[in-house]
Amino acid sequence: GDKRLEELNVADTTCGYCAVGCRFDLYSDGEEVLAARPTAEEDAPVNGISTCVKGKFGYDFVNSDDRLTTPLVRDENGEFRTASWSEALDRVAEGLGAIKDDHGGEALSVIASSKATNEENYLMGKFARQVLGTNSVDNCNRLCHSSTVAGLAQTYGYGAASISTEDLELADCILLTGSNTTEAHPVLATRIKQNVRDGADLLVFDPREIQIAEYATQYSRVQPGYDAVWINGITRYIIDNDLYDESFVAERTSGFEDLAESLQEFTPERVEEVTGVPHEEIVSAAETIADADRCVFGWTLGLTEHSHGTENVLAMANLAAVTGNLGKPGAGVSPFRGQNNVQGGGGDMGPLPDNFPGYQDIADDEVRAKFEDAWDCEISPDYGHYTTQMFLAADRGDLRGMYIIGENSALSEPGVNHAEEVLEELEFLVVQDLFVTETAEYADVVLPACSFVEKTGTFTNTDRTVQMVKEVMEPKGDSRPDWEILQALANRMGWDWDYDSTAEIMREVNSLTPLYGGVTHERVESEGGLQWPCWDEDHPGTERLYEEEFNTDDGLAHLQGVGFSEPAETPDDEFPFTLTTGRVLYQYHTGTMTHREEGIMQYTPSDFVEINPRTAAEYGIETGDMVRVESRRGSVTVPAQVTDRVGPESVFAPIHFAESAINRLTDEEHLDPQAATPEFKVSAVRIAPADAD
Ligand code: SF4
């Protein structure tokens, strides 16, 4: 409409798309979101006055006619019909309760949502352990950065970025790998490009010559699946040529001798042969990093979504430490997190099979006793299933019921043909979401949740900043915030939760989670954001990790060598290409939000497969032709985009559409042994023009 802004509701809030954590003012007339406008610059530490297309225009999904406005239950013919909250909650309490009574809580699991607030994710973990009696609670981090968390936590102590976003502008050198920054984290890419224009070096190692590579001082194309190898090659060169930071290594690390020894197998010839990166490029990257006073190492899922993702991260953590690039301005490690709240809701709040909030180990007797006491329940010391393992456990009959919140597993799990079978066969499935997603189609009960513009709480972004999210309109129809649904359900199942607000939930988090000890709503609001660790009410928060010491038992960074590993599946005569999956700017994950945006859909109306011109010529394929892509697990048909962005040995496809469901091709079985991350970045495939059938 034509309404003047000052007549509308306004809330200064935090973006609900990606983990950059941009802040802006949202305007609503109470019915729909009408505009996003810059907030005062000092209130927006990450983005100032800029936002990307998603944050600026991506609100059609809130107002969409497809929104779920009432609960749905199955009728006697197996069709969905609308139901009252009371009936739906009864059905869920009965369905989950029956499995718990007959088979124990371990037969149940919860998938929590990194789109939801910190407070809600805290309750998702509490609900799993207290109400259902299971440690099998996990979230989408398992499909992306869990190997980052495992690798960084082992080396330095915290599974998170060590830097603040402003360090991207203070660095003299930035190494980026496996990160399509321009498309996945647009506002960070803008800050990196600005720094490069001001003279910083940018090194990009990636299988695809992505847009940010145009700004790079050096772009090196790597063969997917061998990241630890080229990283080790760089570290070896730096150590062998005495280019490392001797005093940092001596004073702040352990394990240096063993690391140096372990690197000897990564000879220049071997690195070049395995990764496809010429030795001169390894040398020039090593020298650029060693010459820089301050270097940031940034990555996303190209490094982590592998059957040995944790090893890749360990290799990167070694490189940052031997060059002394930690704990000072303009230097550090920065895994760019994907979902808006995957750092906070997906990790810090502990909806995890092995950790309570604040990465407190459930196997630690003292810690467990603290939570048993606070939550008034018994908790098993045995770790539950990771998300990827839940689907394998269900296959074995060890898991019978699932409560999936905001996750579209039917598209996002690896090997979705397998995931679909599992969802079909579960004894009881509850899905809580904004829409009837592909996953909800398998549910017994669907509960309508509301979006981030319809509730209040906090998100934690990729640089550990906790920021406020504010309600600007009432929940649509009968939809409710996740925390209210969880509370109603807990009480249906015999507990007595009585939270009045998310501020009150956060006070409980403060009392149980040292990292968030001083992170109250009052302070987040008045200080415009707080970075963890923030131990107590007087602690100012932490801009950069590891300035004085690492968060390990002896305060040192623990270097550990990483041997040679191959992807679980390598190309052969039958399946000669390596498929890598990823994302595009205008879409977001499985598209439950962005597919409702008319403007966005015009740009990228479907998935596609990128094929190198040489390969395309060999197969007689042109841009726009339909191509069948096949792996050992399934096949999909998508239009071709012929481009030299990819090399001749690889093909690339984004993962945003149900029609193509690219994850039919990926592998659900070969998981990272430490973090259980699937190998989305490497599948052996063959291609053929679709009309050849
Ligand atoms: Fe939102 Fe990320 Fe875009 Fe910022 S960069 S506006 S946080 S989607």
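How are α9 and α15 oriented to each other, roughly parallel or roughly antiparallel? They are roughly parallel, because their axes cross at roughly 20 degrees and angles under 35 degrees count as roughly parallel, over 145 as roughly antiparallel, 65 to 115 as roughly perpendicular and the rest as oblique.

## Before you start

The model is predicted, so local features need pLDDT of at least 70 and side-chain atom pairs count only at pLDDT 80 or more, while totals for chains, interfaces and linings use all residues. Residue numbers start from 1 along each chain as its sequence is written.

Helices (H or I, at least four residues) and strands (E, at least two) are DSSP runs, numbered from the N terminus.

## Domains

The protein divides into domain 1 (5-63), domain 2 (72-143 + 341-456 + 477-501), domain 3 (148-335) and domain 4 (577-692). These bounds come from an automatic or database domain assignment.

The centres of domain 1 and domain 2, taken over C-alpha atoms, are 29 Å apart. Where the two meet, five residues of domain 1 are in contact with six residues of domain 2; contact here is defined as C-beta atoms, placed from the backbone, lying within 7 Å. The domain 1 side of this meeting has four nonpolar, one polar and no charged residues. For these classes, Ala, Val, Leu, Ile, Met, Phe, Trp, Tyr, Cys and Pro count as nonpolar, Asp, Glu, Lys and Arg as charged, and the others, Gly among them, as polar.

## Helix α9 and its partners

Let's return to the opening pair. The axes of α9 (residues 227-240) and α15 (residues 309-322) come within 9 Å. Axes are lines fitted to C-alpha atoms, for helices over the stretch in contact, and angles run from 0 to 180 degrees between N-to-C directions. The crossing of α9 and α15 is left-handed, a term used if the near helix is turned anticlockwise from the far one by less than a right angle, with right-handed used if clockwise. On the α9 side, the residues that meet α15 include I231, I234 and I238, and on the α15 side they include A315, M316 and L319. The residues of this contact divide into nine nonpolar, four polar and two charged.

Helix α9 also packs with α12 (residues 268-275), at an angle of about 150 degrees and with axes 9 Å apart. This pair is therefore roughly antiparallel, and the crossing is left-handed. V229, W230 and G233 of α9 meet V271, V274 and T275 of α12. By class, the contact has four nonpolar, two polar and no charged residues.

## Helix α5

Helix α5 (residues 146-155) is largely enclosed by the rest of the structure, because eight of its ten residues are buried. Buried means that 20 or more other C-beta atoms lie within 10 Å of the residue's own, exposed means 12 or fewer, and partly exposed is in between, with C-beta atoms placed from the backbone. Among the buried residues of α5 are S146, V149 and L152. The buried residues of α5 pack against α14 (301-304), α15, β13 (332-335), α16 (344-348) and β22. Just after α5, G157 takes a positive phi of about 120 degrees.

With α15, α5 packs at an angle of about 40 degrees, and the axes are 8 Å apart. The two helices are therefore oblique to each other, and their crossing is right-handed. Residues in this contact include A150 and G151 of α5, along with V313 and A317 of α15. By class, the contact has six nonpolar, seven polar and no charged residues.

## Helix α20

In α20 (residues 416-425), V416, H418, A419, E420, V422 and L423 are buried. The buried residues of α20 pack against α18, α19 (409-412) and β17 (428-433).

## Loops worth a look

Most residues other than glycine have a negative phi, and most peptide bonds are trans. D376 has a positive phi, near 60 degrees, and lies in the loop between α17 (365-375) and α18 (387-395). D376 is exposed, with 10 other C-beta atoms within 10 Å. R464 also has a positive phi, near 70 degrees, and lies in the loop between β19 (457-460) and β20 (465-469); R464 is buried, with 29 other C-beta atoms within 10 Å.

A cis peptide bond joins W532 and P533, with omega about 0 degrees. P533 is placed in the loop between β21 (530-531) and β22 (557-558).
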